[in-house]
Amino acid sequence: MAQILSNRQAEELHKSIIAYLEANNLPNSAAALRAELQLGEDILDAGTTKKYETLLEKKWTSVVRLQKKIMDLESRNAALQSELDSLTPAALSKRNKDPASWLPEAPPRYTFESHRNAINCVAFHPVFSSVASGSDDYTIKIWDWELGELERTIKGHTRAVLDVDFGGPRSNILLVSCSSDLTIKLWDPSEDYKNIRTLSGHDHSVSAVRFIPSSVNLLVSASRDHTMKIWDVNTGFCLHTLQGHTGWVRDVSPSYDGRFLLSTGDDMTARLWDMSTTKPEVRATMIGHENFNECCALAPPTSYQYLAPLAGMKKPPPLESSAEFMATGSRDKTIRLWNSRGTCIQTLVGHNNWVRAVVFHPGGKYLLSVSDDKTLRCWDLSQDGKCVRVIQDAHERFITCLKWAPGIPQIATGENTGVTGECNGTSNGKPAAGPGASDVQVRCVIATGGVDFKLRIFAN
């Protein structure tokens, strides 16, 4: 019989078998194998045996797990192949329809459970199939949303983790988190999520943090101390403190080109900041909500064609303009759509509890929202913001967060943008349509987190 194992591998196996037999009270069998292999106490002593006694069981269980995963993948592959073989041309056409029209449906593909308290935030890795969640249990968890597995748990914060985001240069993407412990932490995925820097400077809970696209090294944070801060990731220094809000700043959303920031919070306003000037300044203030604002989002240029009629415009604004329309969600149970002058162009009514997160569909036609009423709603902007889909009981308790997976950058055929990673929930560096549109492939994947301790993945 040809030997499959190398001499070293065979020796390791023999030692592991002897150690296993001795650990399980089979001394005669162990002694017989020792004698046959000529492994006396001088070669395999008690200390060495102790080191090897659990190795065989660990290897065995690892093999079993791998076999199970292979069987599951083979079964899934067979089912997909069977489904593909049975598709009619019409069904195949429907299956492969434009991702711009895809909307999430129940049930979710995966429900992840491991957190021991409410989940406050989620963020997708812009390249890999990883999604991060932050919780009131002080931890961040990294999941593989394609395989449906927990990859690791990150510990470091001493209070609730309130927000997370992936970003930075594509060659060195980082994870950033912020917390009620007043700090912002940077983690390096390429070094097993090692904490590489901690930023301090806010005087109260840091409620939101985002990498600023196209800047390579900048991020923005929002806090209960009524301020926002701009940080240099490389040095850890605070470059600017933005003051203007008179209450807790709960959310911030950068434009795809990093030129503008939209912020909102407990003063019931939203503010559009122009970051292209030496000193950032407020370009517009949106007033109209009747309770604290929880969330905000800047509309991608793909949505301009649908929002322009609501604003009374005969033609959409130029796609190169990155902050023409925006959305805010509030504890007054409504979502408001605004133009860049601060005028409310539409109010979306349907949720019966606090609106906790909003995100624009990368295709531009829809706006998605989640609420403490446990629903996920889809609003059709081409029909004056009509609610066209409701996923009831998307979570068992309040839904706190919602993110859309960033688009997949394709090989550029035109300009070389040198674009970095971007805010989660928008296309990488460029909008899904407009400048560089052909460089991004939309991913039909969203994630939601809730007070039920669960993270859910809805995917095509």
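In the predicted model, R356 and D372 form a salt bridge whose closest N and O atoms are 2.9 Å apart, a salt bridge being a side-chain nitrogen of Lys or Arg within 4 Å of a carboxyl oxygen of Asp or Glu. This pair links distant parts of the chain, with R356 in strand 22 (residues 355-360) and D372 in the loop between strand 23 (366-371) and strand 24, 16 residues apart; helices (H or I, at least four residues) and strands (E, at least two) are DSSP runs, numbered from the N terminus. Both R356 and D372 are buried, where buried denotes under 20% relative accessible area, exposed over 50%, and partly exposed the range in between (1.4 Å probe, protein chains only). R356 and D372 also belong to a network of salt bridges that includes E294 and R331. The charged end of R331, in turn, sits over the ring of W354 at 3.8 Å from its centre, the criterion being that NZ of Lys or CZ of Arg is within 6 Å of the ring centre and within 35 degrees of the ring normal.

This is a predicted model, in which local features need pLDDT of at least 70 and side-chain atom pairs count only at pLDDT 80 or more, whereas totals for chains, interfaces and linings use all residues. Residues are numbered from 1 along each chain as its sequence is written, and side-chain values use heavy atoms, with hydrogens and water left out.

The count of salt bridges comes to 16. Among them is the bridge between R250 and D266, with the closest N and O atoms 2.5 Å apart; because R250 lies in strand 14 (residues 249-254) and D266 in the loop between strand 15 (260-265) and strand 16 (269-274), the pair ties together parts that are 16 residues apart in sequence. R250 and D266 are both buried, and the charged end of R250 additionally sits over the ring of W248, 3.9 Å from the ring centre. A further salt bridge joins the side chains of D267 and R271 at 3.7 Å, N to O, with D267 buried at 13% relative accessible area and R271 buried at 14%.

Aromatic pairs number 5, a pair being rings of Phe, Tyr and Trp (its six-membered ring) with centres within 6.5 Å, and planes under 30 degrees apart counting as stacked, over 60 as edge-to-face and the rest as tilted. The rings of Y110 and F112 are stacked, with centres 5.7 Å apart and planes at 15 degrees, and F112 is buried at 4% relative accessible area. Y304 and F325 form an edge-to-face pair, at 5.7 Å centre to centre and 70 degrees between the planes; this pair links helix 6 (residues 304-307), which holds Y304, to strand 19 (residues 325-330), which holds F325, across 21 residues. Ring pairs also link Y110, F112 and W143 into a cluster.

With a disulfide taken as a pair of cysteine sulfur atoms within 2.5 Å, the count comes to 0. For C121, the nearest cysteine sulfur, that of C401, is 6.4 Å away, and C121 is buried at 2% relative accessibility.

Y138, a residue other than glycine, has a positive phi near 75 degrees and is partly exposed at 39% relative accessible area.
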